[in-house]
Amino acid sequence: MADDISPVTALVVAAAGGEQQAWSELVSRYAPLLVSVIRRFRLTPSETEDVAQTVWLRLVEHLDSLQEPQAIPQWIITTARRESIRHLSSARRLRPSDPLDPVYASVAADTADPGEGLFRAERHEVLLSGLADLPGRQRELLLLLVEDPQPSYAEISKRTGIPVGSIGPTRSRALERLRRSPPVRAYLAASERSESSGGDRHGAGTLG
């Protein structure tokens, strides 16, 4: 399979046909994106897990209509937002809104600049969507390299099976493939069009 062809289509077709391994691979690829979207709603870990399970169930129901790889990340983002809002709305109906309640504080509105926050969230979602197109070891390596604190190269080698001396070259290949992934290419193209027409993308023309 050529580097610029996403492997997700075949996974979706196989998962829709009942292949458990293909479904597990889809979950592995898109779990970081899903969790990232849900966490923006400041749910507890157990609530995050509940919402994630609901989104995965919805995806199973819609696999037959989502065989275009580029459609899957946006579907996950939209569905995760909708289910998170639905969960919050339900939770608020079931309990009084006490400002001193720690749970109330966990879902309080963010005081940061909403425009800047939306931009960062959008860019983060694009990168996670692009990561889903990468082979497993490249995807795992890039995720490990952005952990805080970052694991040592020895630990990364142990967890990925990549020799320490090959981590740098593998990272370079992974980043190049990430830049050529359909979600990132589409985002950069939209950024260039916005900039050429005088729009403001907060410098989105440079990812990562």
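Among contacts in the protein chain (heavy atoms within 4.5 Å) between residues at least 6 apart in sequence, 63% join residues at least 24 apart. This is a predicted model, where local features need pLDDT of at least 70, side-chain atom pairs count only at pLDDT 80 or more, and totals for chains, interfaces and linings use all residues. Residues are numbered from 1 along each chain as its sequence is written, and side-chain values use heavy atoms, leaving out hydrogens and water.

**The whole chain**
- The protein chain has 10 helices and 0 strands (DSSP runs numbered from the N terminus: H or I of at least four residues for helices, E of at least two for strands).
- Of its 208 residues, 38% are buried (under 20% relative accessible area, with a 1.4 Å probe and protein chains only).
- Its accessible surface is about 11,800 Å², with 53% belonging to carbon and sulfur atoms (Shrake-Rupley method, 1.4 Å probe).

**Meet threonine 79**
- You can find threonine 79 in helix H4, which covers residues 71-94.
- Threonine 79 counts as buried because its relative accessibility is 1%.
- Beyond its neighbours within four places in sequence, threonine 79 touches Val55 and Arg58.

**A look at helix H9**
- The buried residues in H9 are Ile167, Thr170, Ala174, Arg177 and Leu178.
- Seen down the axis of H9, these buried residues fall within an arc of 100°, so they line one face of the helix (the arc is that of the directions from the helix axis to the C-beta atoms).

Definitions and conventions:
Buried < 20%, exposed > 50% of the residue type's maximum accessible area, 1.4 Å probe, protein only.
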